[in-house]
Each structure stands twice: as structure tokens, then as C-alpha cells.
Amino acid sequence: MAASAADLHATLDARLVEATRGIRLLDSVSWPASIELGFIAAWKAGRAKLPEVSYPRLDFGDTRAKLDAISAAADPAHPVGDYIRRTAESWRVATDLLEAMGTPSVTAHSAKLYGLPGDRVPGATLTNVDAARHFIAIADEYNSGAPLDEIETQIPAELLRIELKQRLDGFFGVDAIRVEVDPQLIAKAAAGATRIRLRSATTFSNYDRDQLLAHEAFVHSLTALNGREQPRLKSLARSSPRTTATQEGLAVFAELMSGSIDIARMKRISLRILGIDMAIQGADFIEVFRFFMDAGQSEIDSFTSAQRVFRGAPVGGGAAFTKDAVYLRGLLSVHTFFRWALKNQRMALCRNLFAGKLALHDVIALEPHFDDGYIAQPRYLPPWVQHAHGLAGMLAFSLFANRIRVDRVEADDLVLGL
């Protein structure tokens with residue numbers, strides 16, 4: 001890259017990081033734990049009512065002016081300039097969403113960032129809703145068919161904290177990532193670059209533990225730490241809204257590739273998509289909560305799922321926060337990307353995906369700047385990516401297996417030998 005372009009875009013990227021420091025999208029729309037406690041208590045007493053959630057009135061006018069100036073200065077014909085413009089625009093939409101918290105217009109802003117349940121799955125005519133219903137049906141069929149019993153393990157949060165800390169110290173180095181138990185956390189877990197939080201008032205299964213490692217630690221924390229190692233594009237250390245689909249899709253794909261995902265997890269992800277669709281169609285918080293309960297979730301898990309749907313949105317129905325629509329779409333997109341990379345002998349792109357908080361588009365568009373060193377190679381790679389030959393073997397099998405139509409297989413086709 002020419003020195004002038006390199007310096008210009010590095011400077012603009014630094015301005016982008018500074019301009020967006022005050023934007024905390026997920027933190028701003030999240031609910032305090034006290035709302036859950038009050039709702040569950042009222043529900044058990046037969047006096048359930050819609051939660052009362054208040055949001056601060058925010059003004060990001062100055063931030064938007066800075067973002068507009070950055071976009072105007074970036075070269076749209078240059079891959080790095082285009083990356084900066086796209087990222088600045090996604091942060092701009094995030095400010096619109098935050099200013100609209102508590103109003104129905106949250107849905108439109110959220111849809112720009114994360115899409116909608118009715119959006120088409122990449123490479124197919126099916127929608128996110130269709131995919132969600134498919135996985136729910138498979139999960140229900142599996143559970144109704146007397147599956148093999150598994151040994152249920154219930155791990156207290158503090159014990160899991162110790163176990164995760166040992167694993168992470170061995171992988172990233174001592175104290176690179178803190179693991180904390182948080183009594184205020186509504187979700188079971190949350191991860192940042194240097195901290196993973198666990199909800200105190202719950203226990204965790206072996207699947208939960210393995211999913212936390214694969215999803216939170218070895219994708220979300222790992223890509224953030226790699227982003228901090230970048231010499232020029234410091235924005236790669238922070239998730240911009242436009243990278244959410246790729247980052248969440250990659251994290252769920254990591255669960256799949258590491259063998260840590262289970263059928264219940266696939267059902268939970270899918271149910272949330274239907275919950276978002278219900279809310280947009282007019283269902284209120286209690287109706288969506290009951291939907292999750294009827295699907296077999298506990299009261300606490302049902303509240304958590306419904307809360308995710310209504311974060312930042314009115315609880316009376318007709319609006320939703322659509323972030324959870326990205327999980328299946330992101331998973332299918334990332335899965336397709338990895339198979340495409342293998343087929344086209346471009347597996348290096350898969351490694352580049354972990355160099356920071358990137359979208360799939362970025363990895364392809366910025367490939368020349370990985371090659372010339374402007375963007376640094378990732379310092380850390382998940383264990384399943386480090387085993388490159390094993391990864392290629394799984395993807396090669398997946399490429400061929402996808403050509404087999406299971407609905408056309410007859411029992412006689414499965415007879416081997418005489």
C-alpha cells in the first residue's frame with residue numbers, strides 16, 4: 001500500500017476508534033437483573049404484568065458528525081477506505097438505534113444492523129424463520145424418540161470459573177483473560193477482550209462449559225485480543241455492529257467444529273428467531289415469554305430469551321431488537337465460507353478471519369493487505385483451526401455430504417454388505 005494511503009487510513013481508523021468509545025450498544029439496551037426477579041415472582045404468584053423498563057435519553061449528534069467526517073475522508077475505492085466507511089456507517093446506525101430506545105422505530109434501525117427473521121438465508125430460497133422451524137422440528141423429533149441418556153453434570157458458577165481460568169491461562173497466558181462471577185448478569189455468560197463473566201445464580205452443564213470455551217473464549221475474546229495486536233487498524237479490536245453476523249456465526253460454527261454444540265442449543269437459537277418474529281407481528285412480552293415456556297424452557301431461561309427479544313424495544317408488542325436473528329444466518333454463511341475457501345484453495349482466508357473483529361466481506365476485500373503486512377496475521381488461533389488438516393478433512397466431507405438428499409434415502413440404501 002502506498003505510504004500516503006496507509007497513513008491516511010490509519011489516521012482515520014484511529015479517529016473512528018476515538019469517535020465510537022462512548023457507544024455501548026448491548027450494555028445500553030440490557031435490562032437490570034431486578035426486572036427479572038420482579039417478573040418471575042409476580043408470574044409465580046399469578047400476577048404477571050408487562051415489565052417496566054426505562055431507558056436514558058441519549059444524544060449522539062456530535063458522534064454522528066465525527067463519523068460523517070471520517071466517512072467523507074475515506075477513499076471508497078480503496079479496500080481499507082471502504083472498510084472504514086462501512087464500519088463508520090454501522091456505528092452511525094447504532095447511534096440512531098440508541099436514541100430511539102423504548103420506541104417502535106428501534107426495529108427499523110435494528111433490522112439495518114442485524115436483519116429480520118423473514119430475511120433469506122444466503123444461498124437458499126429459505127428464510128431465517130424457515131431454518132429456525134427446521135431445527136426446532138429436528139430437536140423435537142430427537143427428544144421424542146427416546147435418545148440415548150447422557151450423564152447430566154451441574155457445575156456451580158464458582159467451580160466453572162476456576163476451571164475456565166486454568167484453561168485460559170494455559171492458552172492465552174496467565175491473567176490475559178479474567179473470569180468473574182457476576183450476580184447482576186441476566187445472560188448465562190458474557191465475554192469481552194479480557195473478561196468473561198458468568199451468571200452467579202445458575203449452574204452449568206458440560207455442554208455449557210465447552211460452548212463457553214469455543215464460543216466466548218476462542219472466538220469473541222480471541223479475536224478481540226488479536227485485534228489489539230494490529231499495528232494500524234485498531235478498530236479491529238472492537239466489534240462494530242456490521243461484524244455481528246460474522247462474529248456470532250463464527251462463534252456458533254466454532255461450537256459445531258469443536259463438537260461442543262448440542263441439539264438443545266440449536267433449538268434455543270432457533271426459538272429466539274421465532275420469538276423476534278412474534279414480537280414484530282404484535283406479541284407482547286408476556287406472550288413471547290409464554291411461547292418460550294411452552295417450548296420447554298424454564299421460567300428463568302424463558303425470561304432471558306424474551307428479554308433478548310425486547311431489549312431496547314417497547315414490551316407491548318409490534319417491535320423487537322433483532323440481533324438474535326444473526327445466529328443461524330451467520331452460522332450458515334460462515335459454514336459456506338469455509339467450504340468455499342477449501343474448494344477454491346484459499347484456506348488462508350479462514351485464518352485471517354481471526355485477526356480481529358472482521359466481517360466475511362472484509363476478509364476477502366482486505367486479503368492483499370494481509371499479504372503486504374499492513375494487517376497483521378492473528379497471534380492466536382482456536383485449537384480446531386490450528387489442526388488444519390483435520391479442519392480440511394471435515395470440510396471436504398461436508399462438501400460431498402451436502403450433495404446427498406436425506407429425504408430421498410431409502411432403508412435399503414443403508415444396508416452394507418450381504
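Start with Tyr 83. Its relative accessibility is 3%, so Tyr 83 counts as buried, since the cut-off for buried is under 20%. Keep in mind that this is a predicted model.

Where does Tyr 83 lie? It lies in helix α5.

Next, what does Tyr 83 touch, leaving out residues up to four places away in sequence? The list is Asp 13, Leu 233, Ser 235, Leu 236, Arg 242, Asp 362 and Leu 366. Pick out Ser 235. Its side chain and that of Tyr 83 are joined by a polar contact of 2.6 Å.

Now a distance to Ala 193. In sequence, Tyr 83 and Ala 193 are 110 residues apart. In space, they are 22 Å apart, C-alpha to C-alpha.

On to the helix pair. Two packed helices are described by the angle between their axes and the distance between the axes. Here, α4 covers residues 61-73 and α5 covers residues 79-99. Their axes come within 9 Å. They cross at roughly 165°. Angles over 145 degrees count as roughly antiparallel, and therefore α4 and α5 are roughly antiparallel to each other. The crossing of α4 and α5 is left-handed.

Which residues meet? On the α4 side, we have Gly 61, Thr 63, Arg 64, Leu 67, Asp 68, Ile 70 and Ser 71. On the α5 side, we have Ile 84, Arg 85, Ala 88, Trp 91, Arg 92, Thr 95, Asp 96 and Glu 99. The residues of this contact divide into 5 nonpolar, 4 polar and 6 charged.

Key
Residues numbered from 1 in each chain as written. Predicted model: local features only at pLDDT ≥ 70, side-chain atom pairs only at ≥ 80, totals over all residues. Heavy atoms only, no water. Axes fitted to C-alpha atoms, helices over the stretch in contact; angles between N-to-C directions. Helix = DSSP H or I, 4+ residues; strand = E, 2+ residues; numbered from the N terminus. Parallel < 35°, antiparallel > 145°, perpendicular 65-115°, else oblique. Left-handed = near helix turned anticlockwise from the far one by under 90°. Contact = heavy atoms within 4.5 Å. Nonpolar A, V, L, I, M, F, W, Y, C, P; charged D, E, K, R; others polar. Buried < 20%, exposed > 50% of the residue type's maximum accessible area, 1.4 Å probe, protein only. Polar contact = N/O pair within 3.5 Å; in protein donor to acceptor, adjacent residues only side chain to side chain.
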